[in-house]
Amino acid sequence: MNVLQNIKYIIIAVLMVGFAKAEAHNHANPCTRHEPFKVLCDLCGCSTSSGSFGFGTLSNANFVGVRYIYQNFESRNGIFENSPISKETFNTYQLWAQIPINDSFYVTGSLPYQDLTRDFNGVTENLNGLGDASVIGWYKHVFYKKKSDDVVDFNNTKEPTGHSLQFGLGIKLPTGQFEQRLADNINPGFQVGTGSVDGVFSLGYNYGSDKFGVNTLLSYYLKGENKNEYQFGNQFSYAVNFFTAIPKEKMNIMPFVGLSGDVYDSITQYGETLSDTDGNILNASLGSELAIDKFIFGASYTLPVSQKLFGNNVKSKQRLSVYVNFAL
Amino acid sequence: MKLFKYTFALLACAVITACSSDDDGIQEDDLTGQSGTLTLKYDNGVGDQDFIFGTSYSKSGSESFTLENLKYIISNVRFTDTNGTVFEYPTEDNVFIIDELDGNNAGEIYVSLDNVDAADYVSITFGIGIDQDRFALGAEGQGDFLDLADAEGMMWSWASGYKFIRLDGTYSSSTMTDQPLNIHMGSVGTALDNYKEVTLDFPNTVFVRADKAPEVHIKADIAKVFDGATSVNFTDGYDQVHTDANETPIIATNIATMFEVHHVHND
């Protein structure tokens with residue numbers, strides 16, 4: 001009764017979410033202090049679980065694995081065009097998995113460890129710790145080829161068309177710790193977690209044949225409030241990847257190109273919208289997966305194509321991601 | 001399959017309750033007798049550039065200026081709340097010198113106001129310089145501020161009074177290079193009143209509470225001193241502005257246009 005046990009775990013997880021939510025309101029959140037860095041919580045350190053980063057592998061295989069994400073940002077520390085720039089480097093080490101429940105349902109989850117560095121005025125600050133975990137439950141609908149009525153077919157197995165849809169419903173938990181460091185002048189700003197419970201709604205469409213495939217994913221994040229009724233703007237993420245498969249004797253090489261992006265609503269506090277806190281970014285990615293036996297190795301490099309983040313106070317520079325997954 | 005549906009339904013409930021907002025706006029507690037700290041952050045710039053000593057800034061009339069001294073007096077700070085009630089900071093402490101030299105590494109000069117009545121404030125009003133009422137208190141009535149202003153070079157003599165703004169540096173025009181520039185504008189005793197007040201709306205409500213320390217970030221565009229309501233040229237005599245009855249009111253009016261509340265923080 002493995003399946004039933006899984007359900008129990010999910011119910012327990014949901015209950016825990018409820019408690020976590022109650023607790024989240026009591027969190028002291030330094031993200032609310034000073035700008036423009038507060039937005040980084042939402043954008044950089046904490047968003048590595050977002051849909052624009054992808055939830056799984058190209059082939060939508062079940063797996064457990066580890067992922068490393070390296071990101072660079074530049075932020076303006078002031079209100080003027082020549083205000084000093086700080087440089088942020090975000091290292092994220094992530095445990096991630098896609099676990100099947102049965103033929104139609106699966107769960108994806110990620111648990112990041114964040115290691116963040118900020119250089120400003122010759123001073124380097126470091127912040128690290130557990131980040132915000134997320135869990136998404138998925139229903140997968142596979143389209144099968146229609147059978148001809150004329151032919152009497154005794155073969156009972158249905159033949160998939162390669163097309164499938166995925167519906168995901170999930171939650172991001174405030175498992176990341178906050179830390180208020182340094183005084184007023186230089187603000188830590190970058191954080192490992194947002195302090196909020198966020199809802200995640202996803203819709204994916206995949207097509208895969210022997211030679212070619214496409215993955216698309218649309219996600220919407222309903223952001224919860226944290227302390228002081230501070231609420232990050234809801235976020236829409238999109239990602240599309242085109243890949244091809246090059247089978248070799250002992251491995252399968254799957255190079256891919258993709259576009260991904262995020263659109264952020266304005267941050268609100270006390271029911272009022274804060275100016276220059278919305279934004280959007282469009283990224284282009286290039287990468288490849290390598291499947292050897294049960295192992296999937298992946299790497300991708302991402303550059304922003306266009307961006308306007310938070311009144312142009314924050315600039316994304318680049319992103320590198322590598323992962324090793326073990327197929328289940 | 002039913003169990004899966006229940007699981008999904010439960011998850012959906014969790015997501016929706018987790019994300020629904022309990023209320024809009026700040027909780028309205030009884031604020032009677034409650035007070036808090038409010039910090040003003042003055043940030044000098046020239047247009048969209050942060051002000052930096054020794055940097056040459058161009059202005060109208062093909063002129064440019066470079067400053068090594070930039071300070072001004074702020075007084076009579078008060079706040080208006082959502083009900084229209086005005087809180088005024090105690091008069092004896094309600095006068096400040098904003099000196100660019102006092103800026104932190106981001107060039108912001110902090111004015112910390114303690115014991116501000118807890119309220120939801122929507123605007124700030126302050127004066128630039130010293131009003132006639134305060135001047136009429138006499139030298140004795142100025143408290144410690146007289147010594148401070150003297151030490152900061154913001155006084156002429158007691159009879160002439162305070163310099164409301166002090167810019168020292170050099171200017172260049174199409175015909176001259178690095179000529180001395182000194183703007184020492186103020187009232188002249190009781191004969192000439194150049195005190196001005198400005199009222200600035202907050203882009204977001206400022207919530208002063210015992211456990212909240214909001215900050216108001218005020219941007220001052222120094223370019224407006226010369227290119228404000230009226231554009232003036234150094235070569236027309238505005239390189240040395242001291243007590244002139246024609247020049248000082250124009251500078252005073254220009255300065256009253258240079259402030260803007262860029263944003264506020266509610267902790």
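**View 1. Strands β10 and β13 of chain B in the predicted model.** In this predicted model, strands β10(B) and β13(B) run parallel and are joined by 2 bridges. Opposite B:I183 stands B:V241, a residue of β13(B). Strand β10(B) also pairs with β9(B), here in the antiparallel sense and over 7 bridges. Within that pairing, B:R166 has B:H184 of β10(B) as its bridge partner. The hairpin formed by β9(B) and β10(B) has 6 residues between its strands, and B:D178 in this hairpin takes a positive phi near 50°.

**View 2. Helix α4 of chain B and the strands it packs against.** Helix α4(B) covers residues 247-255, and its buried residues are B:T248, B:I250, B:I251, B:A252, B:N254 and B:I255. These buried residues pack against five strands of chain B: β8 (119-128), β9 (165-172), β10 (179-185), β11 (196-208) and β13 (240-241). In an α-helix there are 3.6 residues a turn, so residues three or four places apart point the same way.

**View 3. The largest nonpolar core.** This core has 62 residues, and B:I73, B:I74, B:V208, B:I222, B:V225 and B:I251 have the most contacts inside it. Strand β4 of chain B, residues 64-81, gives the most to the core, with 8 residues. Another core lies apart from it and has 13 residues, including A:F55, A:I136, A:I171 and A:V200. Nonpolar side chains tend to be buried together in soluble globular proteins.

**View 4. Surroundings of B:V208.** Beyond four places in sequence, B:V208 touches B:G36, B:L38, B:V116, B:D117, B:A118, B:A119, B:Y121 and B:P214. B:V208 is also among the residues with the most contacts inside the largest nonpolar core.

**View 5. B:D131 in a loop of chain B.** B:D131 is located in the loop between β8 and α2 (132-135) of chain B. Is B:D131 buried, exposed or partly exposed? B:D131 is partly exposed, because 16 other C-beta atoms lie within 10 Å, a count between the limit of 12 or fewer for exposed and that of 20 or more for buried. Apart from residues within four places in sequence, B:D131 is in contact with B:N76 and B:Y195. B:T190 is 59 residues away from B:D131 along the chain, and their C-alpha atoms are separated by 9.8 Å.

**View 6. Two residues with positive phi.** Most residues other than glycine have a negative phi. B:S62 is not a glycine, yet its phi is positive, at about 55°. B:S62 lies in the loop between β3 (56-58) and β4 of chain B. B:S62 is exposed because 12 other C-beta atoms are within 10 Å. In chain A, the phi of A:Y270, also a residue other than glycine, is positive and near 55°. The loop that holds A:Y270 lies between β14 (268-269) and β15 (272-273) of chain A. A:Y270 has 19 C-beta neighbours inside 10 Å and therefore counts as partly exposed.

**View 7. A four-stranded open sheet in chain A.** The order of the 4 strands in this open sheet is β9-β10-β14-β15 (chain A), with antiparallel pairing. Strands β9 (225-226) and β15 of chain A are the edge strands, each pairing on one side only. Between β9(A) and β10(A), the latter formed by residues 230-231, the antiparallel pairing extends over 2 bridges. A:E225 has A:Q231 of β10(A) as its bridge partner.

**View 8. Confidence along chain A.** The average pLDDT of chain A is 79, and 77% of the residues score at least 70. Over residues 10-42 of chain A the pLDDT is below 50, although this stretch has 85 contacts in the model beyond near neighbours in sequence. Residues 180-189 of chain A also stay under 50 in pLDDT, and the model has 22 contacts for them beyond four places in sequence. Where pLDDT is low, the predicted coordinates should not be read in detail.

**View 9. The annotated span of chain B.** UniProt, in an unreviewed entry, lists residues 36-235 of chain B as "domain: Copper-binding protein MbnP-like". This span is 6% helix and 48% strand, and its end C-alpha atoms lie 48 Å apart. Chain B as a whole has 4 helices and 14 strands. Of its 267 residues, 40% count as buried.

Terms used. Residues numbered from 1 in each chain as written. Chains lettered and ligands numbered in written order. Predicted model: local features only at pLDDT ≥ 70, side-chain atom pairs only at ≥ 80, totals over all residues. Core = buried A, V, L, I, M, F, W, Y, C linked by C-beta atoms within 7 Å. Contact = placed C-beta atoms within 7 Å. pLDDT = per-residue confidence, 0-100. UniProt positions renumbered as here; feature names shortened; annotations may be inferred. Pairing = 2+ DSSP bridges.
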